[in-house]
Structure formats: C-alpha cells, structure tokens
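Colleague: I am new to this structure and would like to learn how to read it, one feature at a time. Could we go through it together?

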Amino acid sequence: MSSDTSAAVPRPPARGSSAPVLTGAEAVVRSLELLGVTDVFGLPGGAILPVYDPLMDSSALRHVLVRHEQGAGHAAEGYAAASNKVGVAIATSGPGATNLVTAIADAYMDSVPIVCITGQVFSNLMGTDAFQEADIVGITMPITKHSFLVKDAADIPGAIAAAYEIAGTGRPGPVLVDITKDAQQAEAPFVWPPKIDLPGYRPVTKAHGKQIQAAAQLLAGASKPVLYVGGGVIRSQASAELLALAEATGAPVVTTLMARGAFPDSHAQHLGMPGMHGTVPAVLALQEADLLVSLGARFDDRVTGKAALFAPNAKVVHVDIDPAEISKIRSADVPIVGDLRDVLVDLGAAFQAVTGGARPDITDWWAFLDGLRDEFPLGYAQPTDGLLSPQYVISRIGELTGPEGVYAAGVGQHQMWAAQFIKYERPNAWLNSGGAGTMGYSVPAAMGAKVAEPDRVVWAIDGDGCFQMTNQELATCVINNIPIKVAIINNSSLGMVRQWQTLFYNGRYSNTDLNTGHDTIRIPDFVKLAEAYGCMALRVEKEEDVDAAIRTALETNDRPVVIDFVVSADAMVWPMVPQGVSNSYIQYARDHAPKFDEEA
Ligand SMILES: Cc1cc2nc3c(=O)[nH]c(=O)nc-3n(C[C@H](O)[C@H](O)[C@H](O)COP(=O)(O)OP(=O)(O)OC[C@H]3O[C@@H](n4cnc5c(N)ncnc54)[C@H](O)[C@@H]3O)c2cc1C
Ligand SMILES: Cc1ncc(C[n+]2csc(CCOP(=O)(O)OP(=O)(O)O)c2C)c(N)n1
C-alpha cells in the first residue's frame, strides 16, 4: 500500500526515533491499510469516534455503514467466506459491541476469519459502569480465538497486526480488538511492521510423516472407504488437492453442510451431503464404511446422529489443523494435525507410493452405494395447496444463475433445500451459518460477499422469518450500490420449527405462523417493504412466473432485487434422520420415504 493513500498525516518523528507519530485512531486506520484491508463494515458511536475521523480521509479503505452491528459482523463473515480474505467489522462500546456478539459466535462456530474492532470507554473509567461500558473482552473470550484489550496507543499496530494474523492463520476464526478511547486519542510513534509476539500460538501446518504413511496404508487396504469432507477443505483452499486424492483412490466423497462446493456436485464419486438432512447414500456410506478419512470435518451431531452408534465398523483417519478437534467426538485411529492443503498432497504421494498408482478394488462397495443412489434419489413432492414448491423455486435459482454465483442462505428449511437443490461446483459459492444456525445471517452475509466479489451474482436465499431479523441492511445495499438479489422463500411461518411440530408435536403449531404470506394478511408486505428501501421488488405465486422473475433479477444490477416467492407451508425437508435415531436407518428411510412426483 503506498503511503499516499493513508488517512494519517504523520507528525515529525520523535527525537531519537525514525517512526512517524500518529494518534492511536490514525494508527488503527494506517495499520488496516498496511495489512491490505480494503473494505470494512461498521457503525460509529462515542467510544470509537476518534477512529471514524481519519477513516473518512482514507482512500484505501472503503467503510460500509451498516444499519445494525450484527449486520456488520455477518457482512464481514460473508466477505471472508466468499473470498478467503479476512473480514473486518467496527463498532462502538457497550451495545455496539454486544450487537456484534452473535456474528462473532457464528464466526467462531464456522471457523470464519474476521477481525472486530470495538471502542472502549476511557481506561480510567473502566470498571465504573461508565456510559456504554461493557466488558466485551470478557464477553467474547469464549467465542473468539483471542480478544485484545488495548489501553496504550503505542500497542495499536501490534494488536491489529496480531489480530489479523491470528484470524487468518491456523484454524480461522474471529479476533476482537477493544481499544480505549484515550488510547485512540493519544499519540505514539507508529512502528511498522510491528513486532508480533504470540507465545503459544504456533499452528502446526506440516503433518507428521509417519501418520501420513499410516493413513495411506489404511486407505490402500480399505474395502469401504469414505472421504468425509468438511468445511476445513474450503478454509484451506484445498479443493484441487482433494480432487486429486479422490480420483487417485476412487473413494466415495461426502460433503458436510459447511463443505458444499469443496468437491464438485457433478463428480461421479460425490454422494452429496451427510447428516440429518443428507442424502441416504451419503448417510449410509458413512455408517457402513470400514474407513472414514475425515478431512477438516468435526463429527458434528447433525452428521453423526447418536455418536456412540455412528459408523460402528470404521477406522478413522482424522485430519484437522486444530489438535483440539482430533478425537473430540470420535476416537481417531490415525490422528493427523496439519493444514489440509499440505496434508492432501503428502497423503496423495504416500498413497501412490503404497499402491504403485493402482486404484484399490472397491467394486462391491460402489455397487452397494450405486444401489442406494437408485433407490433414494433426492426429490420433492408437489404441494397440494396450489402454492409454489420451495424446492422448485430454489432449483431454478441455481439453474438459471449457475455455478459461478454465490448463494448465502438463512437458517431453516430454505437453508436445507438450498444445500440440497443447488448444484455447487466450486468452493466459496455456498455461504451459510452451520454451527450456530443464526437466523438473520443471509442478507448481510450476501452484502459482504458482493463487496468482496463484485463481479459475481450474489443471492441471499432467505426465509420469511430470517429475513425479518436483518432486512434493514437492504438500505445499506441500496445506498452503497451493492446490488444483491434476495429470494424470500415465504412459507408464512417459522418453517423448520413448524416441520418439527408436524412430525413430533402432533401438528400443534404453537407460535410458528408469521402471517407474511397469506392472501389477506401480509405483515409485513415484503414487496412494499423492499420498495420502501429502494429495491426492485417482485412477488411470485405461480410456477409459470418463477423463471421470468429470476431472469429479471439477474438482469437488474443497478439496485438490489427482492423476490417474494409465496410457497407452501406444508413442504417438508426430506430426507430426515430424526434426532437420537441411529444413522443405520435404511429400514427407517424405506418406511418413511416420501413419494416424490418429480426427481431433482
Ligand atoms: C438447521 C440445520 C440443519 C443442519 N443439518 C445438517 C446436515 O444434515 N448435515 C450436515 O453436514 N450439517 C448440518 N448442519 C450443520 C452442522 O450443524 C455443522 O455446522 C456442520 O455439520 C459442521 O461441518 P463440518 O464438520 O464440515 O465442520 P466445520 O464447522 O466446517 O469445521 C471445519 C473444521 O476444519 C478445520 N480446519 C479449518 N481450517 C483447516 C485447515 N487449513 N486445515 C485443516 N483443517 C482445517 C477446523 O479446525 C474445523 O475442525 C445443520 C445446520 C443447521 C443450522
Ligand atoms: C436467532 C435464531 N432464533 C431462533 C432459531 C431457531 N430456528 C431455527 S430455524 C427457525 C425457523 C426459520 O424460519 P424461516 O426463516 O421462515 O425459514 P424456514 O424454516 O421457514 O425456511 C427457527 C426459529 C434460530 N436458528 N436462530
């Protein structure tokens, strides 16, 4: 970054020093510039006001003024997840900082690299219940990789640089930098690059050769292997290396909700998503396997079901950059700590050396799995109430937009359908909140993704419930020329909760009707709401109008487009392994297989 882009006007160096003198606030801006950050999302307030002053003059940093700090956090997440860069969010002290907490927790669960910078009250007021004081370092300690409290202007460059480094290396995740107002106002020599001293932070990237060797031996000898691919493959940008290993071994591949796109959906070895709403072949492949090679996946309970009954006959090779993940849920026979990009290359080479390049014969295994693919295709039933099929709408969005698009989902039924019925061919195309399941993620995450990847079509695929949690960021999108497309899959209810009420509470629909999509009551009317924000807004109620609306959205790039798709509330997410049931559920799947009119 050249110095002429800096907002900071350096004072002469202090006597005996060559470092220019900056205020702490200027140091924040300059540090971000020097780290190569180009976009930040935030909202000012008293305790962070000093930073907002030099920020105004920076031509290198684009600040997107959000309408709610949660939006800034999710936008930073979407930015990071779409581009593999570190996302940055800024907020003031107290409620500004606590509004970031949900997004920070979300980023922690899904290993998303973001840096959150918050203002803190004057250091001499800390601990006095000062105006807008909150112990945000304490609050976020369990949901960040690290939280810094900075009280001295001289420490700011080091803290920002360290936060950036920690967020983006090893297992990615959120880092908080809380800076007192006096530290922002004070002057100090600006030393760059700062000395970063992080004792105890040494991510292991290169795995142990002996473990790689042991894993290769197991892979070569297995008769029912599965590559259990998780979000770590996307975070490590190792899709090409995964493809090479998969093709060398011929093993079936499953991709978790967080890994959709890590391996092409069109690939013959791909069985789809495992878990509660996974494909039957993917669930049963894991369950019947004699070897699981877990690649950046964390044996989440949505995937394993009852962990004690999960994949009872499988040996486990577990690769993860975070040693704390290894054997956390399921004991690993071969633990491998390392960065997947390196590990996959090393494992490929070791496998080649063991097999001499010959693929192991797993014909019987494939015969079993192909049988399951034939017996249990993904599909959906047409609604009988005359309303749109949500699965159809989502399929058409994927088909008309294509694999170069970015799809950010909310949480609920529409999220599962977007995972199932859009074909993902590349990493970073699918963004969602998997671990925390945060309603409200979609619109701001799509906004962040569009800022990071302006040339891509970016869809927010949202539920009518989720949309009502963060739709105010449409104002941010309109004003800042961030033309995302929003598909509200409007079933007029908290659909996923309603589905559980249908299945497990005898259809007693306690507090799940939202009244957003009925003929007579639409509270709010999403078309009017979107128009009030300055978006183009459309409502679609008939199947024959679906394509035209999507095409209009694809052709409109001068403002955001919101489409209110009025869909049936009775549509269900299938397959579904009920909670607590063993994943050995072939009989259950047969007994409960819905009758599909149409295959997807
Ligand atoms: C309504 C709902 C339903 C859901 N249903 C399902 C379902 O049916 N199926 C499903 O799969 N999920 C489902 N989920 C998501 C689920 O809750 C978990 O978020 C998800 O399964 C976890 O994905 P993962 O195992 O890939 O791990 P992630 O959370 O993606 O973790 C990634 C792992 O990779 C590691 N890693 C990161 N970087 C690297 C690197 N460079 N090298 C090596 N390792 C690295 C990390 O340390 C971490 O352990 C659902 C979520 C919701 C909200
Ligand atoms: C912040 C938050 N509150 C509550 C929940 C519990 N929850 C999970 S899915 C869901 C319903 C979502 O409804 P909607 O956005 O309309 O999506 P649909 O399931 O209808 O597709 C709820 C309430 C949650 N995940 N997040």
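Colleague: In what order do the six strands of the open sheet lie, and is their pairing parallel or antiparallel?

Modeller: Please keep in mind that this is a predicted model. As a general idea, the strands of a sheet pair through backbone hydrogen bonds, either parallel or antiparallel. Here the six strands follow the order β17-β16-β18-β19-β21-β20, and the pairing is parallel. Because β17 (430-431) and β20 (536-540) each have a single partner strand, they stand at the edges, and one side of each is left without a neighbour in the sheet.

Colleague: How many bridges join β16 and β17, and which residue of β17 stands opposite Tyr-407?

Modeller: Strand β16, which covers residues 406-409, pairs with β17 over two bridges in the parallel sense, and the residue in β17 opposite Tyr-407 is Trp-430.

Colleague: Which strands does helix α23 lie across?

Modeller: Helix α23, made of residues 546-555, lies across β18 (458-463), β19 (485-490), β20 and β21 (561-566), and it runs at about 165° to β21.

Colleague: Which residues form the nonpolar patch on the surface, and why does Leu-503 count as partly exposed?

Modeller: The patch consists of Leu-503, Phe-504 and Tyr-505, which together have about 300 Å² of accessible area. Leu-503, which lies in helix α21 (residues 495-504), counts as partly exposed because its relative accessibility is 32%, and that class runs between the limits of 20% for buried and 50% for exposed. Pro-95, found in helix α4 (residues 95-99), likewise counts as partly exposed, because its relative accessibility is 43%.

Terms used. Residues numbered from 1 in each chain as written. Chains lettered and ligands numbered in written order. Predicted model: local features only at pLDDT ≥ 70, side-chain atom pairs only at ≥ 80, totals over all residues. Heavy atoms only, no water. Patch = residues over 30% accessible without salt bridge, like charges linked within 9 Å, V, L, I, M, F, W, Y side chains within 5 Å. Areas by Shrake-Rupley, 256 points an atom, 1.4 Å probe, with all protein chains shown as cover. Salt bridge = Lys/Arg side-chain N within 4 Å of Asp/Glu carboxyl O. Helix = DSSP H or I, 4+ residues; strand = E, 2+ residues; numbered from the N terminus. Buried < 20%, exposed > 50% of the residue type's maximum accessible area, 1.4 Å probe, protein only. Pairing = 2+ DSSP bridges. Contact = heavy atoms within 4.5 Å. Axes fitted to C-alpha atoms, helices over the stretch in contact; angles between N-to-C directions.
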